[in-house]
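Biologist: I have just opened this one and I am new to it. Could you walk me through it, a piece at a time?

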Amino acid sequence: MSIASTGLAQVSAAAPAIPARLTDIHYDVIFNAASAARRQVIAEMRFSVEGDAPVILSLPSWTPGSYSISNFARNVSNFAAEQAGTGLRWDKTDHDSWRVFPRSSGPVRIRFEYKADSLDNEGSWSRSDFLLFNGTNLFLYPEGASFDFPATVTVTTEAAWKVVTGMTPTGPRTYTEGNYHDLVDMPFFVGSFDVDSVQIASRWLRLATYPSGSVSAAERAAVFEALNRVVIPQVRVFGDVPWTTYTILQIVDTAQAGGSGLEHQNSHVDILSPDMVGAPVLISLYAHEVFHAWNVKRLRPADMTPYRYDQPQPTTLLWISEGITDYYADLAQVRGGTVDARGFYELLTEKISEVSLLPPTALEDASLSTWVHPRDGTEYLYYPKGALAGLLLDIMIRDATDNRSSLDNVMRALYQSTYRNGRGFTAEDWWSTVSREANGRSFDDFYARYIDGREPYPWDRILPLAGLRLAGDAVREPRVGISTVQDSSGFYVTDLGAGGPPVPAGLESGDRLLALGGFSLRDPTWLEKFRARYARASEGTEVPVRIQRDGREQTVRIRLRFVTQVDPRVVEDPRASSKARRIREGLLRGVTRP
Ligand SMILES: [Zn+2]
């Protein structure tokens with residue numbers, strides 16, 4: 001974002017080289033039954049100016065952690081500025097910046113309405129009795145000035161409604177933080193919802209859930225028990241609990257498919273489909289988001305330190321921030337006992353399968369590309385592939401030191417040497433720490449092949465060092481042999497021509513596929529259901545295929561074939577050496593003694 005002149009002569013003459021200094025910055029958020037009915041929240045900003053120089057105020061284009069440009073300014077309406085009760089002149093200097101012209105020194109008030117209708121953990125979403133908002137959506141910042149300004153937030157809402165946020169309370173429904181980065185890193189729940197808390201690692205952990213009753217008392221008890229199990233091993237990695245109170249802000253809604261979490265320094269926001277509540281995968285999501293309180297919110301790539309809010313901040317190191325976090329979510333589960341060793345190997349196996357189905361893509365490239373959301377399936381590859389890189393590094397460090405050091409030591413050392421010294425970490429910081437913790441071993445070749453390069457991971461060489469190996473399971477899978485292309489309206493039969501399989505009899509190229517074997521293709525789980533239903537069918541079984549051709553729906557029948565697929569699976573190696581068994585135990589239990 002620039003502060004270039006719009007070309008108005010009288011403005012450019014007066015435009016200051018340095019933005020006007022704002023003091024006493026205060027934000028008001030107004031949300032009540034009336035604004036809920038319009039699915040809007042009202043945001044106000046009050047501050048004092050010295051002199052009449054114009055002030056440029058900007059709204060972030062993204063929420064850190066959600067690596068995507070969202071342009072929150074598009075949700076703004078009825079922008080207004082006033083001084084002493086009289087409207088001020090304003091215009092826009094770019095798509096998300098407003099320039100306000102004070103008449104004189106003194107207090108200025110800005111007000112706008114914001115559409116709170118997107119169910120997304122980076123955004124704002126309202127119901128008749130509820131609001132989720134992120135500070136990146138509502139809190140303007142003075143452009144070109146330092147982010148190191150203290151700010152208070154007051155929420156005005158219905159008397160019976162609750163307010164929960166990670167911000168520091170300093171008065172009735174009033175909260176303060178010392179700088180803008182912290183201010184916009186602490187989302188809010190406002191309205192009618194459930195909230196309770198327990199102590200974990202001698203600090204309070206709150207669970208706020210909307211709608212009321214979406215998580216039963218028994219499920220809450222189970223969540224707290226599981227959180228206690230997974231958070232303690234994470235605290236052990238860093239030797240530090242970086243929050244005083246940690247808050248999980250959770251929404252359950254039928255419009256959501258699966259679950260999605262977004263991390264913050266002392267909270268995270270989860271949006272879940274109803275079937276996620278009580279499912280084992282939810283613990284994995286919590287473990288991932290909580291680990292981010294260290295890895296990315298504090299231990300952060302220098303490319304994203306400090307955050308800037310007006311443009312993307314790509315980094316080649318996102319696989320460390322996300323993939324290694326995923327690895328530690330799995331480790332926290334096995335170390336805390338929410339899964340056993342077999343369950344841990346299954347989590348690794350799933351990641352290996354997931355990566356094997358995608359085009360060979362370098363971790364560094366996948367890290368950079370996430371901002372443009374590649375459509376070849378690799379958009380989020382850096383999660384599973386980065387997690388597996390973490391496993392390989394962990395094993396190699398333990399092997400090089402006879403299990404006296406580990407990836408845990410790398411994470412702790414880097415946290416101390418960079419975050420504790422007030423800076424982000426570089427690739428050089430990462431690899432020199434990995435090498436040091438591995439007795440000086442070089443990782444240049446590993447980096448060139450598997451991080452910067454696209455070679456498949458050397459499972460056969462590395463897994464045995466930790467008493468593990470890849471076994472192959474032959475699986476019989478039903479196939480219908482239909483080649484398709486997909487666009488935003490659905491799946492269409494296509495003829496791949498010479499070299500491709502023929503279009504099955506009864507179908508024609510261009511037919512729109514609606515359902516296979518009775519399962520609608522609009523159901524994201526149709527393939528699992530289809531495989532389950534036909535797993536034990538015999539070769540040649542007829543399967544109904546619902547199609548649309550020339551605007552009319554019809555059903556044709558095609559014959560099922562079976563292929564035998566070999567799926568790799570991580571298992572323990574019964575012939576492992578005593579050193580390899582020590583390394584395996586070290587991984588599973590989070591210990592490094594020989
Ligand atoms: Zn994450």
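Biologist: Which residues does Arg546 touch, not counting residues up to four places away in sequence?
Modeller: Arg546 touches Arg512, Leu513, Leu514, Ala515, Glu553, Gln554 and Thr555 once residues up to four places away in sequence are set aside, where contact means heavy atoms within 4.5 Å. Arg546 itself has its place in strand β27, residues 542-549; helices (H or I, at least four residues) and strands (E, at least two) are DSSP runs, numbered from the N terminus.

Biologist: What is the mean pLDDT of the chain?
Modeller: The mean pLDDT of the protein chain is 94, and 96% of its residues reach 70 or more; pLDDT is the predictor's confidence in each residue, from 0 to 100. Over residues 1-18, however, the pLDDT is below 50, and this stretch has 23 contacts in the model beyond near neighbours in sequence. Where pLDDT is low, the predicted coordinates should not be read in detail.

Biologist: Changing topic, what coordinates the zinc ion?
Modeller: The zinc ion is coordinated by His288 through NE2, His292 through NE2 and Glu322 through OE, at 2.0 to 2.1 Å. Donors are N, O and S atoms within 2.8 Å of the metal (3.2 Å for Na, K and Ca), and water is not among the atoms, so sites may look incomplete. Along the chain, the donors of the zinc ion follow the spacing H-x3-H-x29-E.

Biologist: And the two histidines, His288 and His292, are they buried or exposed?
Modeller: His288 is buried, with a relative accessible area of 5%, and His292 is buried too, with a relative accessible area of 0%.

Biologist: How do helices α10 and α11 cross?
Modeller: The axes of helix α10 (residues 382-400) and helix α11 (residues 407-417) come within 8 Å and cross at roughly 100°. Those axes are lines fitted to C-alpha atoms, for helices over the stretch in contact, and angles run from 0 to 180 degrees between N-to-C directions. The two helices α10 and α11 are therefore roughly perpendicular to each other; angles under 35 degrees count as roughly parallel, over 145 as roughly antiparallel, 65 to 115 as roughly perpendicular and the rest as oblique.

Biologist: Which residues make that contact?
Modeller: On the α10 side the contact is made by Gly390, Leu393, Asp394, Ile397 and Arg398, and on the α11 side by Leu407, Asp408 and Val410.

Biologist: And what about Thr433, where is it found?
Modeller: Thr433 is found in helix α12, residues 427-437, and is buried, with a relative accessible area of 3%. Leaving aside neighbours within four places in sequence, Thr433 is in contact with Val410, Ala413 and Leu414.

Biologist: Now the backbone: which residues does a cis peptide bond join?
Modeller: A cis peptide bond joins Tyr210 and Pro211, with omega about -5°, and Pro211 has its place in the loop between β18 (203-210) and α5 (217-238). A cis peptide bond also joins Thr305 and Pro306, with omega about -10°, and Pro306 is found in the loop between α6 (280-291) and α7 (318-336).

Biologist: One more on the backbone: what is phi for Arg39 and for Asn78?
Modeller: Arg39 has a positive phi of about 55° although it is not a glycine, and Arg39 lies in the loop between α2 (33-37) and β2 (40-49). Phi of Asn78 is near 55°, a positive value in a residue other than glycine, and Asn78 is found in strand β4, residues 76-83. At 26% relative accessibility Arg39 counts as partly exposed, whereas Asn78, at 57%, counts as exposed.

Notes. Residues are numbered from 1 along each chain as its sequence is written. This is a predicted model: local features need pLDDT of at least 70, side-chain atom pairs count only at pLDDT 80 or more; totals for chains, interfaces and linings use all residues. Side-chain values use heavy atoms; hydrogens and water are left out. Buried means under 20% relative accessible area, exposed over 50%, partly exposed in between (1.4 Å probe, protein chains only).
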